[in-house]
Amino acid sequence: MSRATSPFTEPDLTLLRDALGPLRDRERLAERLLESSRKHSHDPDTELDWDAPFEDGKWYWPPELVSLHGTPLWHRMSEEQRIALSRHEAASLASLGIWFEVILMQLLVRHIYDKSLTSHHVGYALTEIADECRHSMMFARLIRKSGTGEYPVPRVYHNLGRVLKTVSTTPGSFAATLLGEEILDWMQRLTFPDERVQPLVRGVTRIHVVEEARHVRYAREELRRQMVTAPRWEREFTRLSCGEAARVFSTCFVNPAVYDAVGLDRREAVAQVRASGHRREVMQSGARRLTDFLDDIGVLRGPGRRLWRSSGLLA
């Protein structure tokens, strides 16, 4: 089959633009990301000291990012109990990260299935899948090291993930990718330089931040492209599915079982987190860079925007 008639040939989109400016050439961007991956990829198994014991008195997550921080219940807790809660919340977030990255890997495979397998765009997607495999194994190893056990998402949301993997459109997949990556990235950028936090946790978050920066760039540019070129029905569906994903993500962000694990009353803890102005500001701050971007490219409109507000991630 000639190149002119190949189903893998990409149309020339260099003249298209959105509210952020001209769309970038897909192949050139992917080539730059591939080069960065060659220079700045990490092996958690060899670069982190997994045998070193955790240090007494150090946190597993910055205290300001722990869900109960600043609540009346927090003020009644001992320092030891607060640190224990940070350990369980770190394990909960690592569990959420694995669930999300397994979904993301499947969405990326779907995205490249009908594209030229020799293109840089597909090459970078495969590189990202390899990154996500390492990240998932790294998070699982951290959970085992912490001794907390894993914190899976509730069964109803686990099964909703099956639906997402089956019906998600391409722009919906990249919007969901950014939702899972950017909020955690914001928190991890506060974590890895924080000397109050366990060295191993800081090392895990440092590796994740470095490699996720490329993933975010790839997803942002592809979502911009899709929101310009996708048919109207697909853009509308993306707005709704992205809003619902935001609601699910915020609900699953911290598994309520972490409160049981440190001897707290689950109902009281959940109620105080929901009423916490500090927690609301943390979550909205973590999402702000993403929501500004989604707003600029037309994702936060109509019923989808209302779902984002109900999630607590959009002011």
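Let's start at an opening: 19 residues line the largest pocket, and S250, T251, V273, R274 and S311 are the ones nearest its centre. What counts as a pocket here? On a 1 Å grid over the protein atoms alone, a pocket is an open set of points with protein on both sides within 12 Å along at least five of seven lines, while a cavity is a set where a 1.4 Å probe fits but cannot get out; a lining residue has an atom within 4 Å of a point. The model you're looking at is predicted, so local features need pLDDT of at least 70 and side-chain atom pairs count only at pLDDT 80 or more, although totals for chains, interfaces and linings use all residues. Residues are numbered from 1 along each chain as its sequence is written, and side-chain values use heavy atoms, with hydrogens and water left out.

The elements giving two or more residues to its lining are α9 (232-252), α11 (266-275), α12 (277-296) and α13 (302-311). Sorted by class, its lining has 8 nonpolar, 8 polar and 3 charged residues. For that sorting, Ala, Val, Leu, Ile, Met, Phe, Trp, Tyr, Cys and Pro are nonpolar, Asp, Glu, Lys and Arg are charged, and the others, Gly among them, are polar.

Rolling a probe the size of a water molecule over the atoms shows where empty space is left. How many cavities of 30 Å³ or more are there? The count is 3. The largest cavity has a volume of about 190 Å³. It is lined by 18 residues, and L93, A94, F139, L184 and Q188 sit closest to its centre. Helices α4, α5 (120-146), α7 (170-191) and α8 (199-229) each give two or more residues to that lining, and α4 gives the most, with 6 residues. The lining of this cavity has 10 nonpolar, 5 polar and 3 charged residues.

Let's stay with α4 for a moment. This helix covers residues 79-112, and H111 lies in it. Is H111 buried or exposed? H111 counts as buried because its relative accessibility is 6%, and buried means under 20% relative accessible area (exposed is over 50%, partly exposed is in between, with a 1.4 Å probe and protein chains only). Setting aside residues up to four places away in sequence, H111 touches H121, T170, F174, Y218 and E222; a contact means heavy atoms within 4.5 Å.

Compare that with L164, in helix α6 (residues 155-167). L164 has 26% relative accessibility, so it counts as partly exposed. L164 and L107 are 57 residues apart in sequence, yet 8.8 Å apart in space, C-alpha to C-alpha.

Over in helix α7 you'll find E181, which counts as buried because its relative accessibility is 4%. Beyond residues up to four places away in sequence, E181 touches F100, L104, E128, E132, E212, H215 and V216.

What about the nonpolar core? That's a set of buried Ala, Val, Leu, Ile, Met, Phe, Trp, Tyr and Cys residues joined through side-chain atoms within 4.5 Å. The largest one has 83 residues, and L68, L223, F253, Y259, L294 and W308 touch the most other members. Helix α4 gives the most to this core too, with 14 residues.

Finally, the rings. The structure holds 5 aromatic pairs. Rings of Phe, Tyr and Trp (its six-membered ring) pair if their centres lie within 6.5 Å; planes under 30 degrees apart are stacked, over 60 edge-to-face, and the rest tilted. F54 and Y60 make an edge-to-face pair, 5.0 Å centre to centre with 70° between the planes. F249 and F253 are also edge-to-face, because their planes stand at 70°, with the ring centres 5.4 Å apart. Ring pairs also link Y124, F174 and Y218 into a cluster.

How values were computed: Helices (H or I, at least four residues) and strands (E, at least two) are DSSP runs, numbered from the N terminus. Grid points are joined across faces, edges and corners, and a volume is the space filled by probe spheres set on the points.
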